[in-house]
Amino acid sequence: MSQENGTREGFASKIGFIFAAAGSAIGLGNIWRFPWLAGANGGAAFLVIYLGIVILVGVTMFMGEVTLGRYTQLSNVGAFKKVAPGWTWVGGMGLLAGFLILSYYSVVGGWVIYYLFRAIAGFHMTDPKLTGELFGSFISNPLLPLLFHAIFMGVTIWICYNGVQGGIEKYSNIMMPALFAIVIILAIRSLTLPGAAKGLQFYLVPDFSKVTGKTFLDALGQVFFSLSLGMGSILTYGSYLSKKENIPQVSTIVPIMDTLVAFTAGLIIFPAVFNYGFEPAAGPGLTFVTLPAVFSEMPLGNLFGGAFFLLLLLAALTSAISLLEPLTAYMMEEHGWQRKRATVVLGSIMFVIGIGASLSMGVWSGFQIAGKVFFDQLDWVANNLLLPLGGMFTAIVVTWIWGTKNALREATNDGTLTFGLGDFWANVMLKYIAPALVAFLFLAGLGVFKF
């Protein structure tokens, strides 16, 4: 459980932790997944429900993972072994989820790199049918996506290879401010388009008649996916946090930053989509099919298209390193591996699995399990099964086994910090409300509830 020099790694500053943890949370889920879910669920009504769940579940469970991580100063499996030896499988479940997610997440990261180059060159396609054909022909190509998948995974390995301060913290401190700057610039550009008002009305004026049970389910799933809960990333980052830092403060700042980026992504996309008369409920293709057509219509579209896909790439990278790091920390702590060996070996294995995920979008599409190609199977198992279970059992371990008194003691730095909502957070939200909602998400993922 140490570095080669015998001392455990850690973040050099509070801002380093905040940027790294925000980078873990702010990823493709904010800029790709959130807008299309909002578009498919009526816009503003989805946004209101999402914000409520962030407050009720997101901040609650995020703080629980940070608290457990900092108390144990260990990564996922080691943390559970210390406070609840019979529950180490919960940590293992989170590691498996991160392993599966990064295997196909890197494939999508490769798509983003390709689209960054295409955007800079100019799409020159104003018809979504043509951009759809471009997307379909690219992802079904047996070789080209693998090249960009390799580039994305290679960059991810390189950052984690250089350690917590020299890699994760250093590059997060560069990438996150750049991401925020690009988000603001693109939002300003989109809001100044002539037809932006229609998009803002769709996005900001709720129509609750469009709300269904599926709206709540999608919002709950998006909060879980976006904040990286249940996979060990936040717990592991918490283990690198100094004992003097204010856990309630940093655990509130990061979800706020995450939510602001997701919200602003909607301000970028919906005014532009409505201005040029495209369909807001385009689903997952909103980013790779609809937006290229939008950028083709927009003045200086190659510039703004390039900026958008650069934004998407930065978000994808900061999340990818948070998926690789818990696995790296586990191999270092539990098996005595050096960081460099762990990052290269683990990243290479995930790259190989990602080859299968990529090929399943084309030449291997005929091979399906329960009606899903390999790419979709990885996504379903990780997000519908492992993450909800990991998050739910983490909350149970923290409150019922380790104990709410211990959690509060750690969260308040042994009582030296004032945390007015501490009892409510530990004894109501984390102990009962959040696990119950996550259990609902899990059962819905199994198809128990039909919407």
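With which residues is F288 in contact, leaving aside its neighbours within four places in sequence? Counting heavy atoms within 4.5 Å as contact, F288 meets W32, V108, W111, V112, Y115, T131, F135, F309 and L312. This is a predicted model, in which local features need pLDDT of at least 70, side-chain atom pairs count only at pLDDT 80 or more, and totals for chains, interfaces and linings use all residues. Residues are numbered from 1 along each chain as its sequence is written, and side-chain values use heavy atoms, with hydrogens and water left out.

**Nonpolar core**

- F288, F308 and F309 have the most contacts inside the largest nonpolar core, which has 161 residues.
- A nonpolar core is here a set of buried Ala, Val, Leu, Ile, Met, Phe, Trp, Tyr and Cys residues joined through side-chain atoms within 4.5 Å.

**Helix α8 against helix α12**

- The axes of α8 (residues 164-191) and α12 (residues 247-275) come within 8 Å and cross at roughly 30°; axes are lines fitted to C-alpha atoms, for helices over the stretch in contact, and angles run from 0 to 180 degrees between N-to-C directions.
- The crossing of α8 past α12 is left-handed, meaning that the near helix is turned anticlockwise from the far one by less than a right angle, whereas clockwise would be right-handed.
- On the α8 side the contact is made by L179, F180, V183, L186, A187, S190 and L191, and on the α12 side by M257, V261, T264, L267, I268, P271 and A272.
- This contact of α8 with α12 has twelve nonpolar, two polar and no charged residues, where Ala, Val, Leu, Ile, Met, Phe, Trp, Tyr, Cys and Pro count as nonpolar, Asp, Glu, Lys and Arg as charged, and the others, Gly among them, as polar.

**Helix α1 against helix α12**

- Helix α1 (residues 14-25) packs with α12 at an angle of about 40°, their axes being 9 Å apart.
- The two helices α1 and α12 are therefore oblique to each other; angles under 35 degrees count as roughly parallel, over 145 as roughly antiparallel, 65 to 115 as roughly perpendicular and the rest as oblique.
- The crossing of α1 past α12 is right-handed.
- From α1, K14, F17, I18, F19, A21, A22 and A25 meet Q249, V250, I253, V254, M257 and D258 of α12.
- By class, the contact of α1 with α12 has ten nonpolar, one polar and two charged residues.

**Individual positions**

- I185 lies in helix α8 and counts as exposed at 51% relative accessibility; buried means under 20% relative accessible area, exposed over 50%, and partly exposed in between (1.4 Å probe, protein chains only).
- S13, in the segment before α1, is partly exposed, with a relative accessible area of 27%.
- S13 and S242 are 229 residues apart in sequence and 8.1 Å apart in space, C-alpha to C-alpha.

**Positive phi outside glycine**

- H124, in the loop between α5 and α6 (128-139), has a positive phi near 55° and is exposed, with a relative accessible area of 70%.
- S228, in the loop between α10 (213-226) and α11 (233-239), has a positive phi of about 60° and is buried, with a relative accessible area of 4%.

Key: Helices (H or I, at least four residues) and strands (E, at least two) are DSSP runs, numbered from the N terminus.
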